[in-house]
Amino acid sequence: MFRTLVGKEIAETMLGLRFAIATLLCMVLIPLGMYVSRKDYEHRLASYQGELQTYKERFGTPPTPLTGGEEAQGFRPPSVLSIFASGLDPFMPDKVFTSQSGLFRTVKESGIDNPQSLLFGKVDFLFNVMFIISLAALIFTFNSISGEREKGTLRLMIAHSIPRSRILLSKIVGKYIVLLVPFMISVFIALLVLDASPVVSIGSPEVWPPLLVILMVTLLFIFSMVSLGVCISTFTSHSMGSIVLLFFVWAMFIIGVPRMSPMIAESIYPVESGSVFSFRKRMVRDDIEKQFEQVKKETIDSKWDKERDIVQEMQLKASNELANRMKALGREVSFEVVKEDPDFRKLRKKFNQKYQELRDKYEPQVEHLFNQCQRRIASELNRIEQDYRNRRNIQFSIATNLARISPVSCYAYIVSGLSGTGVAEPDNFVRNARMFQEDINQIFYDKVFHLFGQQGRQRRAEGFNVSDSLSFPDMRYRFLNLTEAVQMHWPDILLLCLFDVLFCTLALMRFNRYDVR
Amino acid sequence: MILRCIQESLMLKTLIKKEITAAIFDLRFVIATLLCIVLIPLGMYVGRKDYEHRLAAYQIKHQEYRQRHGKGVEPYTEAQAFRPPSVMSIFASGVDPFMPDKFTTARSGLFRTTKESIIDNPSSLLFGKVDFIFSVVFIVSLAALIFTFNSFSGERERGTLRLIIANSVPRSRILLAKVVGNYVALSIPFIISILVALLILDASPDVSIISSSVWLSLLVIMGVTFLFMLCMVSLGLCISAFTRNSMDSIVLAFFVWAILAICIPKVSPMVADVLYPVEGANVFDTNKRLIADDIDYELVEEMEELREKCFEEFGAPESDMNTSHPRTELGLKANAMYEQEFAPIAERYQKRLAAALRRLEQDYSRRTNVRSSIAMNLSRISPVSSYTYIVSELSGTGVTEPDNFTQNAQRYQDQVKQAVYDKIVVKRLRGGGGRYEYPNGFDPGDAPVPEMTYTYPNLAQALQAGRLDIVLLGLFAVLFFALTFMMLNKYDVR
């Protein structure tokens, strides 16, 4: 009996206008979107490789002698799976510059190739499923109960000895299967299109496991949309009402909730923007440096200058005495004579030694103070950065959790996360950049010391020769692997399952009390 | 005669009134109002906040840069300038999030554009923004279709269409009444939410609506939006005139909406890319740099040859060849001769480089223009794309903005070249080194670095660029209306 019911649903839907239209849309959009995203990925990969190569040829080995301030550059490779969900990829920085201060810079070389496509957005797999498939699922199902009531066929069905739960379930399953047919065909074609690319192979271990998970999650998502549609139709008693409700629910779930939750989070818990924050960091840094300069002037420089003045006076006195003595002996005193005279030389040597002693006495103090200053800057910056990151994370988790009211945002989080373009990717980029900075620190920056001397900063390298050429290593960029991504997004997967169950239960509850007249 | 006119106008008024009341007392009106009132003001509030953030970031960067590097140049100075955000980008963010916000001029003439990118709010980027244009294109247009998709087919089903037709009202009048009625009913929630949104916008300390750069563009945007809504209302009526029952109408309406609002705008750039592929800007930049390098390499080779020749002619010692301050008399003479002969060669190469780059750039921009005009004209099949083009153009975030940015950058590059780069003469040495000279009393420590004035296209220019789209929107409205009229005249009211 159940099979007959499902068969009836399938046959009914397949012969309808909606099926033809949904099939048409799927077949055109999903393969075309895949083709274009694949092309785009190939472009991005080529430009990444080109840039890396140019960099290695030109700047990979900085010219000697090394100043200690050289910057190494690391590049972010595009993620293969970004073909499925471009996510944050167009906004991500693609380059990191390490710096001797430890504050690396991230930059995006941006030439706008195709303004029209940016203006309207891309049609990747995620977009197709989120907008087209979900709308198709709702349109397939929105009047499955209310429409049959209007036509009067629901009464006939109920008159048979079939439990209502069975009818509802057969409707959900039937519609689900019908929707899967065009979807599966178009995904299959899209995968063929993808596999035809010379740079992407679906069989490679970094592609197929996440791809499988993405497809599974997509099936789960489509099911939740189908049951949502059936649920809508049990809430209304005629098709017109269903349509209006459908419009409202779709607009809220697809557009309203995902897009508004970050905004709401921002108004509830405002956090200053990144550029303002980095400006504040620089201010803090400058302030501390200025303070230490002041301290240095007051405690060390003043003493040092005083003692030096004393020594200078002594030198002046001694040389005057010497000159007077020479004059008394009847010798001419001029610049050349002073320069050559052995007595003067001895005097100068003696005082140079005194200056050196002074320098030896105070330079360690200066170095100590400088190190202290650096340590304080590091700890202060760490502190405010930690604070900033905490506040960002709070805002971010408010936004994420608010958005999870809608299954669409759960789905988008999972797919983009698995594609390496999700909301965790900016943090991942920063982590990679920091690791790169640390690598460079180890091999280079840590070995260069700076001293505050009378002439400002001086440089001293340890462990290597500044005139030897040095080549910086490449950045090893690591995307989150499958386990990490799934670990991060398990609440979303769980929520999707829960939404499935919730919508089915709600539909069942409503349908059990549904007035079939 | 006059009596009939009055009677007809009264009749029309009655019809319109009926339509308006029918639309307003419907559930759809409530839901559309709810969506409009929530989404448009909230979107405006967030857009305004976002603009304030961007403006603050720009000001900080700009001021800091001017303080540090505004005065005094060094031989290797590369002047930088920043792009201020456009006020109107609150209404349509368009390509703004993708635009570079900084450019660095260069002595070679190849300025670089970069984007300091810190991702503040990943979720918001993942799902996109709800700015004014998005609300109109997605919510208001869908609402317009939902308002009207069954105005004929629904009345036919209920049998009320027969009754109306039975009266002595021409069908054209009925159609007009439906268009006007639904249009007015749709405009009410829209206008209310726009007023609230504008109040929110005006409360910002950084934005004032009555400033001349804002209110004119705003007025035009509103005008275009009303035209677009008229388009969508008549499209909905057209759909309902094409179908005989509500179910078909709704399926057709969603289909048409998906095609017009999503497929055509998004697919046409892709199709253009497939039809007329152009290499990416990165690849093009690399090509440019390669050509510049090649020419530079030739120059260096010729320079070394010339130097060797000069020094050989005078028989100057080898050691003098590698320095710009030769010690021997012969070396000095050879150096003088070399410098005299080298100047025209350098100039020639400079010209050659500039010509090669210009040719390359012209070719590239020609090809991208062809592609972009294919994409634009393809997408103009849909009124949604036309509407998006105009509004983003008026907001300074349209498809011509990247070009405008490049023009601004080029202008600044020329300015800096005049003020700084031309004042510093580079004497090149063998082996890649160089020496800088400042002729004619140019004081590098005191020389001001020119300040950038970024200009967005003004209203007249934007209208010039978008006039085709405005005409198209009008045409679409007329087309849909005429189509509906044709179908309605043949409509089987039974």
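1. Let's start where the two chains meet: 70 residues of chain B and 71 residues of chain A form the contact, where touching means C-beta atoms, placed from the backbone, within 7 Å. This is a predicted model, in which local features need pLDDT of at least 70, side-chain atom pairs need 80 or more, and totals for chains, interfaces and linings use all residues. Residues are numbered from 1 along each chain as written, and chains are lettered from A and ligands numbered from 1 in the order written.

2. On the chain B side, H9(B) gives the most, with 16 residues. Helices here are DSSP runs (H or I) of at least four residues, numbered from the N terminus. By class, this side has 43 nonpolar, 17 polar and ten charged residues; Ala, Val, Leu, Ile, Met, Phe, Trp, Tyr, Cys and Pro count as nonpolar, Asp, Glu, Lys and Arg as charged, and the others, including Gly, as polar.

3. Now look inside chain B. H2(B) and H4(B) pack at about 175°, with axes 10 Å apart, which makes the pair roughly antiparallel (an angle over 145 degrees). Among the residues making this contact are B:Leu35 and B:Leu39 of H2(B) and B:Ile139 and B:Val140 of H4(B). Its classes are twelve nonpolar, two polar and one charged.

Key. Helix = DSSP H or I, 4+ residues; strand = E, 2+ residues; numbered from the N terminus. Axes fitted to C-alpha atoms, helices over the stretch in contact; angles between N-to-C directions. Parallel < 35°, antiparallel > 145°, perpendicular 65-115°, else oblique.
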